[in-house]
Amino acid sequence: MYLLIYLLHMCSLFQIHVVENKKTNNVYVKEKKNKAWNEIANGVTIPKGTEVSIAIYATHHDEKNFPNPNIFDPDRFLPENADKIQPYTFLPFTKGPRDCIELITNVRTNFQETSDKGYLNARSTYLTIFMNRAYSSLKRSELYFSHTHEYKIYKKCIDILKKFPLPIIEAAKTARKKKNIFDGENESSRKVVDFFLDSDISENEFRDNIDMFIVAGHDTPGSGIAFTLYELAQNSVVQNKLLDESISLLGKDPDAVVTLQDIQNMTYLDCVLKETLRKYPSVPSYERTLEEDITIDGITIPRGTEVAISAYAIHHDEDYFPKPDVYDPDRFLLENSDKIQPYSYIPFSKGPRDCIGKTIAMLVMKSIITKILRNFELLPANTTHTPELTCEFVLKSANGLPVKILRRSL
Ligand code: HEM
């Protein structure tokens, strides 16, 4: 499904050349910049607007691209063999403007190990004030806000936050000079920082973008993981089912090496995380500016209005998700997929500005939950505890998410 979303973006942003693999009858595509739409492949015209499937499996198993494709041979990827791999034939992370993103920073923060919570506290305070402001028509006024007590704290936080990405930027620049992150030739080794370093943006814009990745990319999966562990501790049936899936895929060795394919095969874990993001969407609401007037229930909202879209409210609407307060991953089983209405499940938003980190976020959350679950049993720490949900841009629990953990042997 994620691939399909990527595809829709790629098709809309890129012109594509569709190629048929005669052996497998699979259709796959190459991006073709600066070519006319309706590219003809093997005499077949596929019209603009068609949803096409990019068969990465077929591309990777095409003899022309990878001789003896069924042989597992890591030597194909040795630097001395790099010229044998044709452009656009190795696509595990797709290609194009919405491919899988990577932000290599090489910077250790030591947040967990040291008592220096300066950055974390500043971020938390900043986001709390930001959210208070967003929902107060008075505080949205710059004039009023600049005379409040909060304003001074807000400014102080911003100073701390602005300094944080600087070592990351410096590390990226130094690494690039040493050519140990980016070799300048291999497109696929480019990281997010490389894109920014290559683009024509100011130092400030660069810093803001890196900051955005840190905020958008760390707290969000962190929130998803925390709420999942909490719910698993309350729901032993779900936890056991998840463990069964994990054992069936990885066996009983707690240190089993988990491959990307294993993670993708964890279909029940997928349902569990989707249900967490339904009940506790990491980004509970986001805003959009209306490009045209819209009328809802007889009320017309004029073009130009900023509207908040509450994923939290939609995910808790009985009409879309019956018994919304019940944690039930089965809602997302394949056989129930037709019960989920379009646009009713929007943890990553939808449309051209949806989350570009959704695939990597799911992989990160899946691998961390798997590792924890295979080593620890999760139990409720306090049976009377109810999370007090709060929003610091990202959904959190103000009174924590206590979980008791017991080491387990599989
Ligand atoms: C559970 C994890 C995540 C959730 C629920 C989530 C959710 C969202 C949502 C709802 C938006 C749209 C926000 C808006 O329009 O105001 C968004 C945007 C974004 N997300 Fe995520 N996100 C997650 C993880 C990540 C990760 C891991 C990264 C980066 C590695 C990331 C990077 C971004 C970026 C850069 C944007 C802005 C995209 C744009 O404006 O075009 N997100 N995310």
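Let's start at Ser349, which is found in the loop between α12 (311–315) and α13. Helix names here follow DSSP runs, numbered from the N terminus: helices are H or I runs of at least four residues, and strands are E runs of at least two. Phi of Ser349 is near 65°, a positive value in a residue other than glycine. Ser349 counts as partly exposed because it has 16 C-beta neighbours inside 10 Å. For these labels, a residue is buried if 20 or more other C-beta atoms lie within 10 Å of its own, exposed if 12 or fewer, and partly exposed in between, with C-beta atoms placed from the backbone.

A word on what you are looking at: this is a predicted model, in which local features need pLDDT of at least 70 and side-chain atom pairs count only at pLDDT 80 or more, while totals for chains, interfaces and linings use all residues. Residues are numbered from 1 along each chain as its sequence is written.

Another positive phi in a residue other than glycine belongs to Asp297, with a value near 50°. You will find Asp297 in the loop between β6 (294–296) and β7 (299–301). Asp297 counts as exposed, because it has 4 C-beta neighbours inside 10 Å.

Now step back to the whole chain. There are 13 helices and twelve strands, and buried residues make up 21% of the 410 residues. Of the contacts with a separation of 6 or more, 65% are between residues 24 or more positions apart; two residues are in contact if their C-beta atoms, placed from the backbone, lie within 7 Å.

Next, follow α8 (203–234) to the ligand. The ligand is surrounded by 22 residues, and the closest are Gly217, Thr220, Tyr286, Cys355 and Gly357; a residue is near if its C-beta atom, placed from the backbone, lies within 6 Å. Both α8 and α13 (358–375) supply at least two residues of this shell, and the largest share, seven residues, comes from α8. By class, the shell has 15 nonpolar, six polar and one charged residues. Here Ala, Val, Leu, Ile, Met, Phe, Trp, Tyr, Cys and Pro count as nonpolar, Asp, Glu, Lys and Arg as charged, and the others, Gly among them, as polar.

Stay with α8 for a moment. Asp219 lies in this helix, and Asp219 is buried because 21 other C-beta atoms lie within 10 Å. Asp219 and Val394 are 175 residues apart in sequence, yet 6.8 Å apart in space, C-alpha to C-alpha.

Helix α8 also packs against helix α11 (residues 267–279), at an angle of about 105° and with the axes 9 Å apart. Axes are lines fitted to C-alpha atoms, for helices over the stretch in contact, and angles run from 0 to 180 degrees between N-to-C directions. That angle makes α8 roughly perpendicular to α11; angles under 35 degrees count as roughly parallel, over 145 as roughly antiparallel, 65 to 115 as roughly perpendicular and the rest as oblique. In this contact, Gly224, Phe227, Thr228 and Glu231 of α8 meet Val272, Leu273, Thr276 and Leu277 of α11. These residues divide into four nonpolar, three polar and one charged.

Finally, look at helix α3 (residues 118–134) and helix α5 (residues 149–163), which pack at an angle of about 135° with their axes 9 Å apart. That makes α3 oblique to α5. The residues of this contact divide into ten nonpolar, two polar and two charged.
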